[in-house]
Amino acid sequence: MKKQARLIIYGFIFIVVLTVSVFSSLLVYMNHESLEDIRQISQTYLDGVANAEINNFNSISEIRHNQVTALRDILFSTDDWKDVNDSILHTAIFHDLVNVSLVSDQGEYLNIYGDPLIAVGNPELLFARMMEGSSIVMTGQNHSEQLITWTEPLDLELSDGTHVIGIISCRDIDQFIQKMNLESKETLAYFLLIRRDGSYVVQTQETECDTYFEKLLHYTVPIGSTSEEQVERLKAAIAANESWRTDLTYINNDRGIHERRSVLAAPLPSSNWYLVSILPFGQLDTAIENMFAVRMRATFTALLIVTLGILLVFLLYLRNSERQRKALETANINIAHAKDDADTARIEAEKARVEAEEANKAKSDFLSNMSHDIRTPMNAIVGMTALAVEHIDDKERVQDCLRKITLSGKHLLGLINDILDMSKIESGKMTLNPEVISLRQTMETMCDIIRPQIKANKQNFDIFISNILSEHVYCDSVRLNQVLLNFLSNALKFTPEGGKIFVDLRQEESPAGEAYVRTHLSISDTGMGMSPEFKEKLFHAFEREDNRRVHKTQGTGLGLTITKYIIDAMGGTIDVDTAPGVGTTFHVTLDLERVSMDGENMQLPDWRILIVDDNEELCRCTELSLTELGARPDWTLSGKDAVARVTAAEEAGDPYFIVLIDYKLDETNGIDTAKQIRTAVGNDLPIKLISAYDWMDIEGEAKAAGINGFIPKPLFKSTLYYELRKYMSDGSELSDEDKGPDSNTADISGMHILLAEDNELNAEIATMFLEENGATVDHAEDGLQALEKFENNPEGTYDAILMDLRMPNMNGLEASEAIRSLKRLDAVRIPIIAMTADAFAEDAQKCLEAGMNTHLAKPIDIEQLKRTLVKWVYQENVGIEKRRQQK
Amino acid sequence: MTVQELYDSIGGDFQAAKKILQMDKIIERFIKKLLEDPSYSSLMDAWKNQNYKELFISAHSLKGVCFNLGLPKLAGEASELSEEFRPGTPRKLTDEEVAAKINALSDLYLDTRSKIEAFSKG
């Protein structure tokens with residue numbers, strides 16, 4: 001690049017130098033030509049001027065010649081000397097002559113008229129000319145002045161015998177000078193008259209030296225030669241009687257003159273003289289210089305423009321080439337990038353190939369594992385079935401077989417559900433259906449579900465709720481339950497007997513904004529834990545920890561992958577803290593959208609409440625919740641202290657209104673403490689047990705110990721409120737039945753259900769199930785009939801609607817929309833549960849959009865149907881207890 | 001002949017039926033009701049009349065019934081037909097192929113039906 005730039009700069013300099021040279025040469029040449037032209041012009045002019053002067057001289061000479069001839073003629077006109085004398089006198093005066101003389105052959109001057117002539121300029125030449133018979137002009141001298149003489153030859157014998165050979169007429173030279181313009185300042189050129197020896201004929205201002213030769217030597221510098229050479233040349237020209245011309249520079253510092261001159265010396269006829277015509281360049285020079293200057297300026301301006309033009313072209317070229325260079329560089333870089341990209345892509349592709357192979361292998365492994373996993377319960381089912389058939393009459397044996405078949409079937413169903421979920425995830429078909437959920441209900445449902453297993457596994461379980469900012473949030477409840485249950489079922493599976501399982505739920509302000517609440521959910525266990533290597537692969541599909549252990553515990557290995565996917569879809573994160581043999585904690589962080597419920601204002605009277613729990617955090621959380629509800633809570637960690645406090649309060653006259661005791665305390669259990677409290681203060685004080693365990697298991701023991709009731713964990717603020725408000729009206733607790741059925745037992749008895757199902761057979765099956773479980777059913781044969789039945793019956797007639805989707809006349813979606821848009825109170829509140837054979841998430845979404853609460857897949861699973869009914873009927877319809885009582 | 005044996009003979013899934021209907025007696029009661037179910041005849045009518053909307057509803061209905069009764073093969077045939085005529089989705093099969101499917105379903109249904117009839121008679 002630098003080389004190229006240098007090349008361009010050198011090229012530029014070269015072209016500029018070339019241009020300058022060409023222009024300068026041109027200028028010099030033009031100037032030279034101009035000078036030459038001027039020289040020629042001046043020479044021509046000079047020739048013209050010189051010729052005019054010579055003609056002038058000739059005409060003067062002609063006149064004088066005629067005058068002298070006239071005088072001569074007088075001499076020959078008469079022999080009478082007196083007459084001659086008179087005529088000459090008369091003519092001389094007439095012609096203003098100074099003197100008229102005759103020249104004898106002896107060289108004497110015979111005066112005829114005027115002051116006598118003393119000398120002539122060149123007597124020898126005069127004599128010679130007279131002798132040869134030709135006239136001549138030359139200077140002369142009398143006593144007083146210089147004269148100019150005109151001499152004509154003549155041949156006359158005077159009376160005294162003198163032989164006259166010429167007649168001279170003399171005139172005042174000034175007149176000649178004037179006529180020849182020798183001293184004129186008005187003409188451009190001026191003239192000198194010199195003799196052949198260089199001496200001046202007439203001395204004027206210009207005749208500075210004695211001879212013209214001397215002047216040439218002293219005051220002039222010829223162009224192209226020396227002064228000496230010039231003088232020689234002039235002399236040679238004079239000798240040859242030729243014209244001579246030169247250009248020279250006249251320098252006279254005394255007179256302050258320094259100018260070029262053109263000079264022409266030409267012989268004057270009828271004389272021995274040379275006329276030197278001089279043309280000073282003077283003004284011409286100035287004009288030429290001006291012209292040169294103008295031309296120079298023009299030339300240099302042109303030069304400058306051309307140079308600038310070239311410079312511009314070069315700059316443009318440079319810029320262009322720089323651009324091209326940059327474009328080239330960019331292109332090169334792009335090519336390099338493209339190459340890099342291609343490399344990256346190749347590497348990525350290679351990586352993807354390897355990953356695909358790995359995934360493929362994992363899937364193959366998974367398939368073989370799954371085949372095994374599916375075969376195991378299938379074998380059990382087939383085997384047990386065969387066994388049952390064999391012992392068909394042995395009722396107990398058959399029952400046992402059926403129980404085992406049921407278990408295996410359930411396990412198989414779980415496996416298949418996981419695989420379906422996974423295939424949904426893999427095909428991107430899993431969608432979230434966010435709805436308003438209550439975290440309290442979610443946690444309660446979850447506790448209900450796992451409680452029996454906790455009991456069966458003899459594990460310790462507790463649940464902590466703290467700092468709940470928004471109990472109601474938007475979330476896909478089905479998927480959230482799936483996540484929770486997945487973690488919990490892992491904890492259940494991998495925690496040994498006597499191990500601990502804890503659930504912790506807390507909230508804080510979300511960085512996502514005020515509309516959100518950050519919800520932390522931790523599930524900890526003291527189970528077998530995981531190796532760091534496995535932890536890395538934890539959420540990969542189709543992976544399971546250590547096959548040996550898996551023999552004991554069964555599963556697809558997809559649970560955590562599905563869980564991870566769901567949490568990702570919800571925009572949450574999962575952290576895992578685990579160590580082999582120590583346990584595992586899964587920590588889920590979700591930013592959930594808050595739902596503000598315009599529910600009733602939860603407020604309790606300022607009851608004094610004692611909380612007894614060995615977990616200080618739980619105490620503090622419960623204290624905070626109760627304080628917010630308006631009560632005055634105290635807490636203590638020990639049973640003994642609790643008894644002391646209750647006694648002291650009683651004595652101080654500010655007794656506790658109610659005591660809440662945890663079932664499990666450190667040194668003693670809650671039931672013993674309750675007994676002691678009863679012993680100390682009697683039976684009036686309500687004592688409630690708090691527990692994450694199943695009330696059914698301890699109910700007998702608890703009631704015997706004088707415990708009035710049970711508050712199930714988790715202890716949300718709303719849980720406490722709903723449990724304690726029962727004492728608000730008259731201070732006595734309502735019957736236990738008022739709580740509503742435990743969803744685990746899923747009691748649907750007493751419900752009145754509208755069943756919309758067009759197919760008689762299906763309707764009959766469903767009706768049979770529902771009626772067998774204590775519900776009453778009203779059957780509608782299509783959507784339109786369902787709408788009419790709902791509309792024509794008074795509010796609250798039905799507890800729920802089971803709606804088939806595909807029906808003639810009006811389909812389930814249309815019927816649901818129509819029911820929801822009815823102007824009556826239960827139109828918006830009644831749970832509508834879809835039943836469909838199209839078990840896709842999109843259908844579920846459509847159901848929700850049509851205003852339905854949830855959907856169930858066909859064929860109907862009666863247990864699931866019951867659970868769903870209980871969930872929605874009791875969630876939606878708080879008034880059901882009263883109606884059930886009425887019924 | 002037990003109802004399970006009936007199921008074996010008609011290629012039904014007795015376990016599935018049991019899961020749903022839970023008791024043999026109930027299964028027996030309901031499998032006989034299949035004879036009264038109008039889905040099949042309305043399906044055939046719809047096919048004859050080229051009423052595809054009705055065809056879809058009948059097939060869908062038959063599919064539901066058969067699932068509930070633990071007759072997966074018949075349910076599968078019905079399901080394929082219902083998918084073919086699901087409103088809002090383009091047809092995938094030619095009429096000839098559909099006719100073949102209808103015939104297959106018809107053969108299976110009539111076979112099943114005759115066996116159930118025999119079973120219900122004695």
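In what order do the six strands of the open sheet in chain A run? The order is 2-1-6-5-4-3, with antiparallel pairing; strands here pair if DSSP finds at least two bridges between them. Strand 2 (109–114) and strand 3 (119–120) of chain A sit at the edges, each pairing on one side only. This is a predicted model, in which local features need pLDDT of at least 70 and side-chain atom pairs count only at pLDDT 80 or more, while totals for chains, interfaces and linings use all residues. Residues are numbered from 1 along each chain as its sequence is written, and chains are lettered from A and ligands numbered from 1 in the order in which they are written. Helices (H or I, at least four residues) and strands (E, at least two) are DSSP runs, numbered from the N terminus.

Within the sheet, strand 1 (residues 99–104) of chain A runs antiparallel to strand 6 (residues 163–172) of chain A, and six bridges join them. Here A:Ser101 stands opposite A:Ile168. Helix 3 (residues 123–132) of chain A packs on the sheet, touching strands 1, 3, 4, 5 and 6 of chain A (a contact needs C-beta atoms, placed from the backbone, within 7 Å). Its direction makes about 145 degrees with that of strand 4 of chain A; axes are lines fitted to C-alpha atoms, for helices over the stretch in contact, and angles run from 0 to 180 degrees between N-to-C directions. Helix 2 (residues 81–94) of chain A lies across strands 1 and 2 of chain A, at about 65 degrees to strand 2.

Strand 7 (residues 190–195) of chain A is another story: six of its six residues are buried, so it is largely enclosed by the rest of the structure (buried means 20 or more other C-beta atoms within 10 Å of a residue's own). A:Tyr190, A:Leu192 and A:Ile194 point one way, and A:Phe191, A:Leu193 and A:Arg195 the other. Strand 7 of chain A pairs with strand 11 (residues 273–280) of chain A in the antiparallel sense over six bridges, with A:Arg195 opposite A:Trp273.

Further along, the axes of helix 8 (residues 395–426) and helix 13 (residues 559–569) of chain A come within 10 Å and cross at roughly 45 degrees. Residues that meet there include A:Met422 and A:Ile425 from helix 8 of chain A and A:Ile562 and A:Tyr565 from helix 13 of chain A.

Chain B has seven helices and zero strands. Of its 122 residues, 39% count as buried.

Methods:
Buried ≥ 20, exposed ≤ 12 C-beta atoms within 10 Å, placed from the backbone. Contact = placed C-beta atoms within 7 Å.
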